[in-house]
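This briefing goes through the packing of one protein chain.

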Amino acid sequence: MLLTLTTTHRPATDLGHLLVKHPGRTHAFDLPAGTAHVFYPQAEDARCTAALLLEVDPTKLAAARGRGRGRQSTTAPADFTLGRYVNDRPYAASSLLASALSRVYRSALRGDSRERPELAATPIPLEVRVPVLRCRGGAEVATRLFTPLGWRVTATPIALDEGYPQWGESPYLDLTLTGTLRVAEALHHLYVMLPVLDDAKHYWVTPDEVDKLLRVGAGWLADHPERALIVRRYLAHRRALAAHALERLAAQCPTDEPGTEEETTDQPTPRASLAAQRREAVHAALVEAGAQRVLDLGCGSGALLATLIGDRRFTEIVGTDVSTRALDLAARRLRLDRLPERQRNRVTLHQSALTYRDERLRGYDAAVLMEVVEHLDPPRLPALEDTVFGHARPTTVVVTTPNVEYNVRYEGLSPGAFRHGDHRFEWTRAEFAGWVDRVCTTYGYSAVVRGIGDADPGLGAPTQLAVFTFSRRGDG
Ligand code: SAH
């Protein structure tokens with residue numbers, strides 16, 4: 001199994017620093033399923049390629065599989081089935097290659113680089129090639145999975161036998177991805193997608209796989225149009241785990257309901273997701289406040305904007321976000337370019353960082369911060385408070401944020417873990433109430449706090465909501 005990663009970002013040999021593998025040497029790693037080798041077929045200033053070659057040992061693999069399922073590892077003839085030893089696993093990229101990737105490129109996957117930290121954080125031109133990839137659903141599925149992540153996809157089906165085209169195509173692809181991304185992002189995408197495309201995980205899927213998926217998927221999976229397919233396949237079609245993962249993705253971020261691909265009809269109609277309940281609660285709070293000109297600050301991919309556009313009461317709707325990718329997604333979701341002009345004129349998207357005062361945010365009836373405050377490092381929160389409550393100072397501010405006490409109800413979320421990889425904190429009800437009080441005193445607002453979602457008698461509701469109303473000039 002082979003996977004190569006190439007960059008043309010000069011000096012391209014810096015790829016060695018990012019992967020922590022010196023281009024002048026070969027590197028070997030002993031893994032449960034065989035041996036992984038990293039070497040550089042090309043290492044020049046203009047272009048550098050790192051190759052990861054996984055040599056699978058079918059005997060080791062069969063033994064590892066036996067252990068993985070809690071059976072005794074054995075090679076006794078009674079347990080011998082030829083398929084366990086003779087199969088395509090040594091040759092076709094799969095979850096084995098994904099495991100090797102995570103072992104061999106561990107710090108690159110975390111986005112760490114001692115030698116080149118800035119480069120690790122910078123999108124650079126990359127080309128990934130997997131010459132033999134088993135892909136259920138063929139080139140079309142590979143394209144649907146990688147394109148929304150910013151990759152250009154070339155997927156060529158491999159003929160069963162080039163000498164006999166009449167035999168048709170094999171289930172294998174030769175896959176090339178090109179794009180400008182951070183190396184860590186590229187590795188995250190591959191780590192998740194290789195087993196998803198193969199759709200035959202080599203190990204037993206346990207509930208902690210949900211945490212792993214959400215961790216590696218942070219920042220891209222919740223928004224992915226095929227997240228339902230990705231989650232189901234990644235979790236080896238274990239329904240309860242997949243449903244749980246999708247619920248957590250919907251809770252952390254914010255977009256529309258999970259996709260319907262591969263959805264079977266025997267499932268009960270799901271309740272409105274927590275994300276949908278949150279949008280409803282925020283919408284209701286804005287209506288109750290009588291707001292017409294509204295700001296959605298940290299609007300993400302625009303799920304709330306879509307709701308607000310559907311309600312004529314709102315005459316002016318502004319979405320802001322620090323992320324241009326989020327704003328691009330929002331523009332696409334709202335089909336701004338196709339809205340009739342009268343509708344189009346109601347909506348504006350701005351790039352804006354909430355930690356800096358922005359004149360364009362002044363003079364609105366209401367501002368929403370839906371699932372945003374917990375994305376800021378605590379020392380930066382006062383700057384956000386100044387921007388929103390001190391400077392923009394709309395009459396109404398609606399804030400939602402997770403209730404950390406409720407997290408114990410999320411089966412599969414490790415104790416102490418947050419709901420989203422990018423959350424910098426999550427507040428208890430008392431902590432949120434304390435923050436709300438302090439903001440009210442400093443900036444002259446009064447507020448009511450309530451919960452969103454099904455409340456647990458001891459733990460409260462999964463989401464907390466505060467509606468602030470400006471009442472007087474504060475001390476801030
Ligand atoms: N409000 C949206 C998205 C929530 S995710 C929803 O609930 O659907 C948090 C969003 O906050 C992300 O889109 C992120 O880019 C944005 N964000 C994080 N820090 C920010 C900052 N300092 N300024 C503006 N937006 C920020």
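Helices (H or I, at least four residues) and strands (E, at least two) are DSSP runs, numbered from the N terminus. Val 231, for one, lies in helix α10 (residues 227-234). The model is predicted: local features need pLDDT of at least 70 and side-chain atom pairs count only at pLDDT 80 or more, while totals for chains, interfaces and linings use all residues. Residues are numbered from 1 along each chain as its sequence is written, and side-chain values use heavy atoms, with hydrogens and water left out.

**Overall make-up**

- The protein chain has 17 helices and 14 strands.
- Of its 476 residues, 50% count as buried; buried means under 20% relative accessible area, exposed over 50% and partly exposed in between, with a 1.4 Å probe and protein chains only.
- Among contacts in the protein chain with a separation of 6 or more, 73% are between residues 24 or more positions apart; contact means heavy atoms within 4.5 Å.

**Nonpolar cores**

- A nonpolar core is a set of buried Ala, Val, Leu, Ile, Met, Phe, Trp, Tyr and Cys residues joined through side-chain atoms within 4.5 Å.
- The largest such core has 75 residues, and Tyr 105, Trp 151 and Leu 235 touch the most other members.
- Helix α8 (residues 183-198) supplies the largest share of this core, ten residues.
- This core lies between domain 1 (2-204) and domain 2 (207-251), because both give residues to it; the domain bounds come from an automatic or database domain assignment.
- Another core, of 29 residues, lies apart from it and includes Leu 295, Leu 369, Leu 376 and Phe 432.
- Beyond its neighbours within four places in sequence, Leu 235 is in contact with Val 205, Glu 209, Val 210, Leu 213, Leu 241, Ala 242 and Ala 245.

**Helix pairs around α8**

- Two packed helices are described by the angle between their axes and the distance between the axes. Axes are lines fitted to C-alpha atoms, for helices over the stretch in contact, and angles run from 0 to 180 degrees between N-to-C directions.
- Helix α7 (residues 138-146) and α8 have axes that come within 11 Å and cross at roughly 155 degrees.
- α7 and α8 are therefore roughly antiparallel to each other; angles under 35 degrees count as roughly parallel, over 145 as roughly antiparallel, 65 to 115 as roughly perpendicular and the rest as oblique.
- The crossing of α7 and α8 is right-handed; a crossing is left-handed if the near helix is turned anticlockwise from the far one by less than a right angle, and right-handed if clockwise.
- Val 141, Ala 142, Leu 145 and Phe 146 of α7 meet His 189, Leu 190, Met 193, Val 196 and Leu 197 of α8.
- Helix α9 (residues 208-216) also packs on α8, with axes that come within 10 Å and cross at roughly 145 degrees; this crossing is left-handed.
- In that pair, His 188, Tyr 191 and Val 192 of α8 contact Lys 212, Leu 213 and Val 216 of α9.

**The α16 and α17 pair**

- Helix α16 (residues 381-392) and helix α17 (residues 429-443) pack at an angle of about 50 degrees, their axes 11 Å apart.
- α16 and α17 are therefore oblique to each other, and their crossing is right-handed.
- The contact involves Leu 381, Pro 382, Glu 385, Asp 386, Phe 389 and Gly 390 of α16, and Trp 435, Arg 438, Val 439 and Tyr 443 of α17.
- Glu 385, found in α16, counts as buried at 3% relative accessibility.

- Eight of the ten residues of helix α4 (residues 95-104) are buried, so α4 is largely enclosed by the rest of the structure.
- The buried residues of α4 are Ser 95, Leu 96, Leu 97, Ala 98, Ala 100, Leu 101, Ser 102 and Val 104.
- Leu 109, in helix α5 (residues 106-110), counts as buried at 14% relative accessibility.
- Not counting residues up to four places away in sequence, Leu 109 touches Ser 102, Ala 184, Leu 187 and His 188.
- Leu 109 and Val 216 are 107 residues apart in sequence, with 8.7 Å between their C-alpha atoms.
- Val 231 is buried, with a relative accessible area of 0%.
- Residues up to four places away in sequence aside, Val 231 touches Leu 213, Leu 221, Ala 242, Ala 245, Leu 246 and Leu 249.
- The C-alpha atoms of Val 231 and Val 192 are separated by 9.2 Å, with the two residues 39 apart along the chain.
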